[in-house]
Amino acid sequence: MQTFFRYNWMVREEWYKWCEDLTEEELLKPRAGGVGGILKTLFHIADVEWSWIMVMQGKPDFQEDFAGFSSLEKVRELDARFRPEVESFVLNWNEGLERKIFADTQKDGSVATHAWGEIMRHMIAHEIHHIGQLSVWAREAGKQPPSANVIGKGLVDSLPGRA
């Protein structure tokens with residue numbers, strides 16, 4: 001699981017660098033699907049990741065509006081502020097947490113229960129899903145998106161023959 005979180009963080013950083021060549025107008029341009037645009041999607045990815053980690057631990061969730069983070073620099077700063085706590089949680093993950101139960105109170109008052117392992121995998125899939133949307137928008141803008149390939153990123157370095 002840690003490998004795919006590291007993969008997502010690596011690809012997210014590549015997207016931030018990719019975005020440096022775009023105008024603010026292009027970053028904020030409303031798009032079909034997803035949460036509505038490139039920068040808003042990157043904000044959403046970081047927000048959702050951090051929010052799930054917080055609520056699983058019983059800590060307060062982030063309740064900021066995107067309007068306060070509507071520049072690439074501000075989204076990167078927010079992500080950098082969130083990352084240490086998220087990374088600590090992910091790197092301290094162990095099998096004993098897989099089936100720990102999270103009780104999620106719904107808007108109607110009902111309670112849905114989820115295993116922590118299921119939530120962690122949801123977070124991984126959530127980001128990969130949105131990276132796919134970013135890739136489509138990049139191509140629509142006539143630009144090559146960062147590679148989403150897991151292979152070749154050096155994420156698994158314990159294989160024979162690897163330095």
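View 1. I124 lies in helix 5, where helices are DSSP runs of H or I with at least four residues, numbered from the N terminus. The model shown is predicted, so local features need pLDDT of at least 70 and side-chain atom pairs count only at pLDDT 80 or more, whereas totals for chains, interfaces and linings use all residues. Residues are numbered from 1 along each chain as its sequence is written, and side-chain values use heavy atoms, with hydrogens and water left out. With a relative accessibility of 9%, I124 counts as buried (buried means under 20% relative accessible area, exposed over 50%, and partly exposed in between, with a 1.4 Å probe and protein chains only). Leaving aside residues up to four places away in sequence, I124 touches M1, F4, F5 and N8, a contact being heavy atoms within 4.5 Å.

View 2. Helix 3 covers residues 38–56, which makes 19 residues, and its first and last C-alpha atoms are 28 Å apart, close to the 27 Å expected at 1.5 Å a residue (the expected span is 1.5 Å times one less than the number of residues). Because 17 of its 19 residues are buried, helix 3 is largely enclosed by the rest of the structure. Just after helix 3, G58 takes a positive phi of about 75°.

**View 3. The packing of helix 3 with helix 5.** Two packed helices are described by the angle between their axes and the distance between the axes. The axes of helix 3 and helix 5 (residues 116–140) come within 10 Å and cross at roughly 175°, and this makes the two helices roughly antiparallel. Axes here are lines fitted to C-alpha atoms, for helices over the stretch in contact, with angles from 0 to 180 degrees between N-to-C directions; angles under 35 degrees count as roughly parallel, over 145 as roughly antiparallel, 65 to 115 as roughly perpendicular and the rest as oblique. On helix 3 the contacting residues include I38, H44, E49 and W52, while those on helix 5 include W116, H122, E127 and W137.

**View 4. The salt bridge between E20 and R76.** Side chains of opposite charge can pair when their charged atoms come close. The closest N and O atoms of E20 and R76 are 2.6 Å apart, and the two residues form a salt bridge, defined as a side-chain nitrogen of Lys or Arg within 4 Å of a carboxyl oxygen of Asp or Glu. This pair links distant parts of the chain, with E20 in the loop between helix 1 (2–19) and helix 2 (24–28) and R76, 56 residues away, in helix 4 (residues 72–91). E20 is partly exposed at a relative accessible area of 48%, and R76 is also partly exposed, at 24%.

View 5. E26 and R31 meet through their side chains in a salt bridge of 2.7 Å, N to O; E26 is partly exposed, with a relative accessible area of 21%, whereas R31, at 12%, counts as buried. K59 and E85 likewise meet in a salt bridge of 2.7 Å, N to O. Because K59 lies in the loop between helix 3 and helix 4 and E85 lies in helix 4, this pair ties together parts that are 26 residues apart in sequence. Elsewhere, salt bridges that share partners join R12, E13, E49, D79, R83 and E127 into one network.
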